[in-house]
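Here is a short briefing to read alongside the model. Have the viewer open and follow along as we go from aromatic rings to a pair of helices.

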Amino acid sequence: MEQQIRDRYNKTILSRALAAYEIAEDDIQELDGFESYIYAFERKEGEGILRISHSIRRTPDLIRGELDWINTLHAGGVGVARPLQSTKGDWVEVLQDEAGGSFLAAAFEKAPGKPPHELNYLKEYGSQIGKMHDLAKTYLPKNQAWRRPSWDDPVMLEIDQFLPVGDTKIKAIYHELQSTLKTLEVDRDGYGLIHQDAHQGNFFVDKSGKITFFDFDDCVYSWFVNDIALVLFYAVMRQDDPAAFTENFLRGFLPGYFSANSLDPKWFCEIPHFMKLREIDLYAVIHRSFDVENLEDPWCAWYLDGRKEGLENEIPYLDYDFESFDVRQYI
């Protein structure tokens, strides 16, 4: 989280957000939030999650677009944690911060279940992502002012702004990658609104195997295969044998995906490009949000270890031959 957001946040903002949803201060628990302040809460209507973000990152209309998309997915049969309206009936509560900006509060149902730990949910995982993409092909926001950004909008992709000044080679690699992606075909069958962060930390699985997704804060218009690339990006992280893991993961994930959505196999060759984009993006965001010379976050420290050299030497994030991968066997 950016320091200027931390500097503006205080107990008064939290109290106003809680009051907007009739949540008692004794009934909340602060959770880890990378971009926003996140709290679990209980009230008579049930358990929920309160998210407090800032207008430096998102506008109220962008958040309304996020919530409209979640409601559309729920209506279409996707497992999602639905947004909750405030006591005034608003989807987003705007709380002035007395410094020229606003904190933006939104609340959600608490997803049932627990974080996934086994691979026996992969078919359902693929099916739910496939349903999202199928629904995206016909989705239109209820208000055009709520339309979510495209993948390369500066509000979503902050690489240029936050890469260290000395990382000129990484910046050049990023610009070349961005140019390559902009040559890709944009059509309804392969491009639409995606989650863009549907990793295993952003859904729960219940005892029946049902998946419920949350944290759609990064949803953007992009290629559907970008979603699949990012799912795989995080799944292979820290695996002892990433290539073997990839085979097993896709073998479970893709039958579910193709049962819910049709996607031309040609797109799977682009997965390395989208993985590299996320690799650079994470590198930049960590430099934005933390003092990397005194890094106390263990995951961020692990991620940065050797990352600069790997990016500069253009080492693939995942050493796997997607060109030879036979996607058609799963269709």
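Which residues do ring pairs link into a cluster? In this predicted model, the cluster is made up of Tyr121, Tyr125, Phe203, Phe213, Phe245, Phe249, Phe253, Tyr257, Phe258 and Phe268. The count of aromatic pairs comes to 28.

- Tyrosine 191 and tryptophan 223 have ring centres 5.0 Å apart and ring planes at 85°, so they form an edge-to-face pair.

**How helices α6 and α9 meet**

- Helix α6 (residues 168-181) and helix α9 (residues 271-289) have axes that come within 10 Å and cross at roughly 140°.
- The crossing of α6 past α9 is left-handed.
- On the α6 side, the contact involves Ile170, Ile173, Tyr174, Leu177, Thr180 and Leu181.
- On the α9 side, look for His273, Phe274, Lys276, Leu277, Ile280 and Tyr283.
- Sorted by class, the residues in this contact between α6 and α9 are 9 nonpolar, 2 polar and 1 charged.

Terms used. Residues numbered from 1 in each chain as written. Predicted model: local features only at pLDDT ≥ 70, side-chain atom pairs only at ≥ 80, totals over all residues. Heavy atoms only, no water. Axes fitted to C-alpha atoms, helices over the stretch in contact; angles between N-to-C directions. Helix = DSSP H or I, 4+ residues; strand = E, 2+ residues; numbered from the N terminus. Left-handed = near helix turned anticlockwise from the far one by under 90°. Contact = heavy atoms within 4.5 Å. Nonpolar A, V, L, I, M, F, W, Y, C, P; charged D, E, K, R; others polar. Phe/Tyr/Trp six-rings, centres within 6.5 Å; stacked < 30°, edge-to-face > 60°.
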